[in-house]
Amino acid sequence: MLSSPQIWKEFFETYYRDELNRLAGAVEFDGDRSLYVDFLRDLSIYREGRLGEELLANPDRVLNHAKEGLSLTENIYDVSLDGCVVRFFNLPASKRVLIRDLRSEHISRFVAVEGIVRKVTEVRPRVIVAAFSCTKCGKLVEVAQDDEVVLKQPYECPICKNRKFVLLPEESKTVDSQRIKVQEYPENLRGGEQPQQIDVMLESDLTGKVNPGDRVVINGVVRAKPRKVGSRQLQHMDIHIDGNSVEVLQQEYEEFEITDEDKKKILELAEDKRIFEKVVASIAPSIYGHEDVKLAIALQLFGGVPKKLPDGTEIRGDIHVLLVGDPGVAKSQILRYVHRIAPRSVYTTGKGTTTAGLTATATRDEFDGRWTLEAGALVLADKGIALVDEIDKMRNEDRSALHEAMEQQTVSVAKAGINAVLRARCALLGAANPKYGRFDRYSPIADQINLSPTLLSRFDLIFVLTDEPDESKDRKLAEHILRAHEIGEKFEKLRNIALVEYTKEELTKESELAEILPAIDPELLRKYVAYAKRTVFPVLSEEAKRRITEFYLSLRSRAKDNSAVPVTARQLEALVRLAEASARLRLSDVVEREDVDRVIEIIRRSLEQIAVDPETGEIDIDYAFTGTSKSQRDRIMILKRIIEDLESAYEKGAPEEEIIRAAEGEGIGETKARELLRKMKEMGDIYSPRDGYYRLAVK
Ligand code: ADP
Ligand code: MG
């Protein structure tokens with residue numbers, strides 16, 4: 001073996017002269033005690049890389065040599081570097097191991113694994129050398145600890161053979177310790193696979209540096225410990241990593257390498273006049289129709305520009321989209337497709353598959369009782385898209401956290417030993433089913449889905465997908481689905497039986513596959529999105545601003561005297577974000593009029609689905625989000641007054657027919673009045689002491 005303390009001393013003094021002096025300075029002032037060695041840049045070329053190879057194969061011995069070697073080096077301050085630690089980072093990509101590929105061969109080797117931090121425990125001191133005092137003679141006995149949970153005690157006093165001791169915390173040697181759980185990237189998983197995780201032990205200055213949701217490379221030594229049942233050890237082992245260093249990855253789309261050839265294709269696509277149609281046709285092509293939804297998702301993929309204003313205000317660029325609708329209209333299917341094509345996307349359901357649910361939670365660790373902070377879907381989707389199916393079924397803790405997550409894009413957790421603000425800079429694509437099974441287009445959505453108005457108003461776009469029989473549409477849908485199945489069947493046949501009448505050429509004939517093949521290859525689309533987000537930061541043109549203002553004012557102007565406000569500033573911000581995304585999709589540095597027109601169209605269509613008061617035919621955001629329009633609120637007030645008056649005149653309550661007659665006198669038609677009565681009863685405003693009579697529930 002080449003490695004020895006002497007060799008390491010030579011290595012440090014040749015390559016790390018400045019760092020040694022800096023470290024000595026820090027040690028002098030009680031600062032950092034770690035020397036960081038760039039593996040790829042320095043160690044892999046020193047002595048033909050032999051020292052590096054030895055480190056990877058025999059980390060325990062070699063790390064000790066390096067530590068000793070470091071203590072032998074000299075520096076200008078003449079400070080001893082004894083006790084300092086050598087940490088290695090930037091291992092060659094070939095030394096990276098996927099968490100799911102960790103095997104016996106990796107045990108006791110130095111490896112690098114990459115992933116997302118899912119859980120962190122609080123940082124707590126751990127005893128490494130425990131000092132005990134004998135209760136009889138007072139003799140001090142020291143016991144070196146291993147990494148078991150239980151503290152190791154002395155067997156007996158070397159002097160008086162007594163077996164009772166008390167721990168002396170002050171005399172014991174401790175080190176800060178933290179355990180984290182790192183999980184594979186969600187985007188690297190094939191559909192349906194469960195992400196694999198690994199525990200990483202961190203000590204001293206590595207502790208307290210990472211948060212759930214961070215993307216990291218962990219460099220360290222793989223350890224194996226027998227599993228236990230009670231106090232019995234099993235043959236099966238659990239593995240973890242003793243962390244030597246942690247690299248927190250900053251860059252957003254670093255996982256995409258865009259070659260010159262890719263760039264050429266991307267720029268060519270951007271020139272295409274039909275680029276919007278093409279992108280739309282690349283999103284869930286096997287799903288028929290839903291073009292508005294697909295365009296919204298396309299804009300969501302590209303996103304608006306996140307801004308930090310000079311006064312410190314942060315404005316999100318991420319676009320939130322909600323799909324509400326009847327069962328079986330392909331909501332879940334659309335979400336799953338987006339999961340396949342969107343970088344950094346996380347798919348979950350409202351009920352959540354982990355204890356952390358949608359956001360984050362602090363729990364007690366089952367292993368050592370430490371408080372543990374665990375990231376949920378929105379934190380794991382930081383800088384990506386969170387796909388939340390059946391969002392209406394989410395837990396109550398998540399409901400309140402979601403307000404903050406959607407607007408401030410953070411998740412705050414304050415509980416026991418944990419106090420953290422996690423980043424959740426993600427776009428949200430949610431799907432919700434109506435409370436009563438099917439969507440009733442004559443009632444506002446707020447009444448029909450289990451989401452609060454404040455939450456609903458945070459979505460930039462909401463679409464209602466109803467499933468109403470329509471002969472010609474149904475026929476086309478049926479043809480589309482059958483066609484997709486037919487092509488799928490032929491493919492399966494080809495795959496499974498060698499001798500079939502369809503040749504591959506026959507199948508790949510454009511005519512057959514064009515219908516269900518995405519217009520843009522998913523791989524290229526992902527790169528296109530990454531390229532746009534990395535390089536395009538569009539700015540509003542004068543004309544775009546004028547057009548946005550116009551549209552906003554035209555909607556606002558419908559608010560007369562004290563009537564319901566049809567559109568709020570939230571919708572204005574949504575408009576800007578969507579227009580920026582449209583410009584980005586064209587790779588344009590300027591938001592032009594065409595972008596604004598495009599998003600006005602889609603916003604109008606979204607609002608028409610959810611916010612048209614069926615009574616007046618006008619767009620009314622209050623109607624959408626609170627379920628009661630201005631006109632309706634006014635009428636409810638009138639009816640309440642009528643009932644109140646009648647109640648005092650009739651002993652059994654206000655008779656329905658009398659209410660109707662009085663209402664007609666105030667200009668409320670009979671049908672309308674009866675419908676409102678039913679509704680008020682449903683909402684608990686009034687009740688029937690007996691059939692055909694009403695009383696006010698609250699006066
Ligand atoms: P939801 O989540 O809205 O209840 P799903 O996504 O589970 O519905 O869809 C049910 C099935 O119907 C899926 O297999 C889906 O592919 C099919 N389907 C529904 N609508 C369409 C459509 N417009 N085009 C193609 N397939 C559809
Ligand atoms: Mg579904």
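**Exercise 1. The sheet of β26, β27 and β28**

Which residue in β28 does P655 stand opposite? Then place the strands in their sheet and find its edges.

*Solution.* The model is predicted.

Step 1. Find the partner of P655. P655 stands opposite Y693 in β28.

Step 2. Look at the two strands. β26 and β28 (residues 693–696) pair in the antiparallel sense, over 2 bridges.

Step 3. Order the sheet. It is open and has 3 strands, in the order β26-β28-β27. The pairing is antiparallel.

Step 4. Pick out the edges. β26 (654–655) and β27 (686–687) each have a single partner strand, so each has one side without a neighbour in the sheet.

**Exercise 2. The two faces of β8**

Sort the residues of β8 by covered and uncovered face.

*Solution.* 

Step 1. Take the covered face of β8 (residues 197–203). I198, V200 and L202 belong there.

Step 2. Take the uncovered face. Q197, D199, M201 and E203 make it up.

Step 3. One residue pair to look for is Q178 with its bridge partner L202 in β8. L202 is on the covered face of β8.

**Exercise 3. A residue in a loop**

Is N75 buried or exposed? Trace what its side chain reaches.

*Solution.* 

Step 1. Locate the residue. N75 sits in the loop between α5 (59–72) and β2 (85–89).

Step 2. Check the relative accessible area. For N75 the value is 10%. Buried means under 20%. N75 is therefore buried.

Step 3. Follow the side chain. At 3.1 Å, the side chain of N75 reaches the backbone nitrogen of Y77. At 2.8 Å, it reaches the backbone oxygen of V79.

Step 4. Look beyond the neighbours within four places in sequence. There, N75 is in contact with L20, N21, A24 and L81.

**Exercise 4. The shell around ligand 1**

How many residues surround ligand 1, and which are the closest? List the distances to its oxygen atoms.

*Solution.* 

Step 1. Count the shell. 13 residues surround ligand 1, and the closest are Y288, G328, K331, S332 and Q333.

Step 2. Sort the shell by class. It has 7 nonpolar, 4 polar and 2 charged residues.

Step 3. List the distances.
- A polar backbone atom of G328 is 2.7 Å from an oxygen atom of ligand 1.
- An N or O atom in the side chain of S332 is 2.7 Å from an oxygen atom of ligand 1.
- A backbone N or O atom of Q333 is 2.9 Å from an oxygen atom of ligand 1.

Step 4. Read the burial. Ligand 1 taken alone exposes 560 Å², and the protein buries 71% of that.

Step 5. Trace the shell to its elements. α9 (331–341) and α14 (471–496) each give two or more residues. The largest share, 3 residues, comes from α9.

**Exercise 5. The whole chain**

How many helices and strands are there in the chain?

*Solution.* 

Step 1. Count the elements. The chain has 24 helices and 28 strands.

Step 2. Take the contacts between residues at least 6 apart in sequence. Of these, 69% join residues at least 24 apart.

Definitions and conventions:
Residues numbered from 1 in each chain as written. Chains lettered and ligands numbered in written order. Predicted model: local features only at pLDDT ≥ 70, side-chain atom pairs only at ≥ 80, totals over all residues. Heavy atoms only, no water. Helix = DSSP H or I, 4+ residues; strand = E, 2+ residues; numbered from the N terminus. Buried < 20%, exposed > 50% of the residue type's maximum accessible area, 1.4 Å probe, protein only. Polar contact = N/O pair within 3.5 Å; in protein donor to acceptor, adjacent residues only side chain to side chain. Contact = heavy atoms within 4.5 Å. Pairing = 2+ DSSP bridges. Near = heavy atom within 4 Å. Areas by Shrake-Rupley, 256 points an atom, 1.4 Å probe, with all protein chains shown as cover. Nonpolar A, V, L, I, M, F, W, Y, C, P; charged D, E, K, R; others polar.
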